[in-house]
Amino acid sequence: MNFEVKNHHLYFDGCDTVALAQKYGTPLYVFSENAIVSECNQLKAAFTNRYPNTRVAYASKAFSTLAIYKIMAREGFCIDVVSGGELYTAIQADFPAEHIEFNGNNKSDEELSLALDYGVGRIIVDGLQEIERIQKLASEKQTTAKVLFRITPEVNVQTHSYISTGQKDSKFGIPLDEEILWPTIQKAIDASNIEFYGFHFHVGSQLKDNSAHLTAAKIALDLALEVRKRLNYTIKELNYGGGFGVKYLPDELRQPYEYFLTPLMELTESFCRKHDFPRPNIVIEPGRSIVAEAGISLHTIGEIKTLPGIRTYAAIDGGMTDNIRPGLYDATYTGVIANKADEAKTEKITISGKACESTDILVKDLAVPKVETGDIFATFTTGAYGYSMASNYNKLPIPAVVLVKDGQDALIVKRQSYEQMIQNELVPDFL
Ligand SMILES: *Cc1c(COP(=O)(O)O)cnc(C)c1O
């Protein structure tokens, strides 16, 4: 795989992680290009190469940088963006406009304008007012917006409640409510500058069970049939969202893509055959599963504090500012001392961050070799929602990001400087 141990050091995609920490400093995010491409290849084998008229749109909120957009373009994937900032980054990476899908539950007119001017492939509409705003903007610009409706399929998923999105009481999507949904669909079909493509759902994230996707797909297909019956309109596309779970801990299950996609496609194709309905394009939007396991974080261990009879805390030079998931969702991680990667594990430590919050604990009770100040701690599976959720809390700079491949390394995001952190700050005259 992408990890090896040589001279006691952890290697990632052919690179010595201890040498990377020395060269670029810590905290540092490291992404393996081979690992990202391997995920893309698995998705191609399980989905796009197997079924015609299918697309993968990488949900780039998981990790949005110029370099990842370049990789996705090269792999022939589409991307999903959820803000003007992500869209701007994609435009700066020359990402093909027609392969961009724009999601979000509160897109501003500025964001929609940017999307229409660039000519994005799809806008995924989250509400009735948005349809009216898109129609107005698109007609001013004399263009046509290709839209899908994000529906709220009213399914409950087995994941942390903070990352479940498809339940009935959700801020996301258009409710399956007679009085709300049907007039909205009618409006989209009638609007002169809107081409109505179909429906979208995203039920939640880090899912290990395929039942929520299947239930939601059945609802979307029933809806497509109902649109044909009631409005004599045949939709062209369904987007089944992302949410495929990854492995954070060694004993955790990682379901292969086929586990989700084979039954989803069987359900879709048999439904379409049965109802003599032309099988719509099927799009999926994985974010986490493409980048999570392809990324690790490197930190330097500083203060080591032993509370006799309780535990030993080893503090790292980052924490919730570069990985908020433990504090935000009780997410669990594991890691190794990268410079002692094959030494016998003789102690138990808790890795704490340096932010002024008690929830800033990265890993609890981890078995490690004897730990010393200056050791490098490598946390696994931090490629998704780590860098993209990083903050300047406590005025810690956003770490650098390095891309590695077959022993080569390249900086893809420079470390933020103190000067950059305050460059937009002003002192008013009256102070
Ligand atoms: C976050 C999100 C995704 C991706 O979810 P993952 O769990 O990272 O795969 C896909 N679609 C939408 C609309 C999202 O909000």
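The domain assignment, automatic or taken from a database, divides the protein into domain 1 (3–30 + 293–422) and domain 2 (33–291). The model is predicted: local features require pLDDT of at least 70 and side-chain atom pairs pLDDT 80 or more, whereas totals for chains, interfaces and linings use all residues. Residues are numbered from 1 along each chain as its sequence is written, and side-chain values rest on heavy atoms, without hydrogens and water.

The contact (heavy atoms within 4.5 Å) involves 24 residues of domain 1 and 23 residues of domain 2.

| Property of the domain 1 and domain 2 pair | Value |
|---|---|
| Separation of centres over C-alpha atoms | 33 Å |
| Buried area | about 2200 Å² |
| Carbon and sulfur share of buried area | 60% |

Buried area is the accessible area (1.4 Å probe) lost by two parts on being put together, summed over both. On the side of domain 1, Glu293, Tyr329 and Tyr385 lose the most area to domain 2, together 29% of what that side buries.

The count between the domains is 1 salt bridge, a term for a side-chain nitrogen of Lys or Arg within 4 Å of a carboxyl oxygen of Asp or Glu. Glutamate 293 forms a salt bridge with arginine 254, their closest N and O atoms lying 2.8 Å apart.

Helix α8 (residues 211–231), a DSSP run of H or I with at least four residues, has 21 residues. Asparagine 232, which follows α8, has a positive phi, near 55 degrees.

Key. Helix = DSSP H or I, 4+ residues; strand = E, 2+ residues; numbered from the N terminus. Expected span 1.5 Å × (residues − 1).
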